[in-house]
Amino acid sequence: MTDRLTGKTALVTGAATGIGLSVASRFAAEGARVVFADRDGDGAGAAAAAAPEGRGRAVTMDISDEPAVEGAFAELAAAGWSPDVVVANAGVQLFGKDARIADLDLEHWRQTIDVNLTGTFLTVKHAVRGMLLNGGGSIILTGSPTGLNGEGADFTAYSASKAGIHGLARTVAAAYAKENIRVNTVVPGYTETTLVTAITSDPESRAAIIGRIPLGRAGSPADVEGIMVFLASDDAAFATGALFAVDGGMTTL
Ligand SMILES: NC(=O)c1ccc[n+]([C@@H]2O[C@H](COP(=O)([O-])OP(=O)(O)OC[C@H]3O[C@@H](n4cnc5c(N)ncnc54)[C@H](O)[C@@H]3O)[C@@H](O)[C@H]2O)c1
């Protein structure tokens, strides 16, 4: 660890587990004060408690609920923890419910869009409002290969939500560049977390997906940390509106 984020305050959504937990914990190890935000309050609390002394704080928030998101940012501002780095990372993928479009229920479409796209919109909206008061900041969105390529006939709602996130990032980056707010998207490849248990637990599906990854292995949450630290840091001062894949080469094919 090189203290690349000393002096920064970060908020990471979906920080109770998976990619968000890994990134948020790494930010704290790099010197940042970190808000571990999740709808799983116990998980967020445990993660924040494991951060170095004085660098972890937990917030329970459902990103699809605007009063909860707005309230969380207000609470942080009042406590002197207004974030200058925000990672809008929380997301869901409804394996077994997301489906080819003719078979996809409106309910499951809405559940996916409400969290992944509307939740990201709300997180970014209130992050930007705070950053406008504080002289700028860095926002990082977690995208997906499914937002770039056709990755699965069953991933209708999920792919649409992630393509929406990629578009949202570009638009907000252009809209707020003059206010010193940078917005970038990180595209993790197949990363073994609880989100993708349906693939990980099925040897045939797992082998098929790894067979499509040029680097020849699955990703782990730790693989996503480095690019997030870079984008959060002042080393990335000239990077905005861009998309950074950490996918073992999957999207080159
Ligand atoms: N795992 C992969 O292969 C992969 C690949 C590309 C993109 N992603 C994206 O990475 C992000 C993190 O995924 P992960 O694999 O770490 O998943 P995960 O299921 O391990 O963790 C997701 C976290 O988000 C939280 N969360 C879910 N809905 C929420 C809500 N409404 N409000 C607040 N928190 C909520 C969960 O409680 C959980 O802690 C997601 O946006 C996912 O779409 C994952």
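## Ligand shell and selected elements of a predicted model

Helix 1 contributes the largest share of the shell around the ligand, namely three residues. The structure described here is a predicted model. Both helix 1 (18–29) and helix 4 (106–134) supply at least two residues of that shell. Of the 30 residues around the ligand, those that come nearest are Gly14, Gly18, Gly91, Thr193 and Leu195. Sorted by class, the shell holds 10 nonpolar, 16 polar and four charged residues.

**Strands 2 and 3**

Strand 2 (residues 33–38) pairs with strand 3 in the parallel sense, over five bridges. One of the residues involved is Ala37, whose bridge partner in strand 3 is Val59. Strand 3 (residues 56–60) is largely enclosed by the rest of the structure, because four of its five residues are buried.

**Helix 8**

Helix 8 (residues 221–232) comprises 12 residues. From its first C-alpha to its last, helix 8 reaches 17 Å, close to the 16 Å expected at 1.5 Å a residue. The buried residues of helix 8 are Asp223, Val224, Glu225, Met228, Val229, Leu231 and Ala232. In an α-helix, residues three or four places apart point the same way, because there are 3.6 residues a turn. The cover over the buried residues of helix 8 includes helix 1 together with strand 1 (9–13), strand 4 (85–88), strand 5 (137–142), strand 6 (181–188) and strand 7.

Asn180 lies in the loop between helix 5 (156–176) and strand 6. Although Asn180 is not a glycine, its phi is positive, at about 65°. Thr252 is found in the segment after strand 7 (243–246). The C-alpha atom of Thr252 is separated by 9.3 Å from that of Ile213, and these two residues are 39 residues apart along the chain.

| Residue | Other C-beta atoms within 10 Å | Class |
|---|---|---|
| Asn180 | 15 C-beta atoms | partly exposed |
| Thr252 | 8 C-beta neighbours | exposed |

Thr252 counts as exposed because it has 8 C-beta neighbours inside 10 Å, and the limit for this class is 12 or fewer. Asn180, with 15 other C-beta atoms within 10 Å, is therefore partly exposed.

Technical notes: Residues numbered from 1 in each chain as written. Predicted model: local features only at pLDDT ≥ 70, side-chain atom pairs only at ≥ 80, totals over all residues. Near = placed C-beta within 6 Å. Nonpolar A, V, L, I, M, F, W, Y, C, P; charged D, E, K, R; others polar. Buried ≥ 20, exposed ≤ 12 C-beta atoms within 10 Å, placed from the backbone. Expected span 1.5 Å × (residues − 1). Contact = placed C-beta atoms within 7 Å. Pairing = 2+ DSSP bridges.
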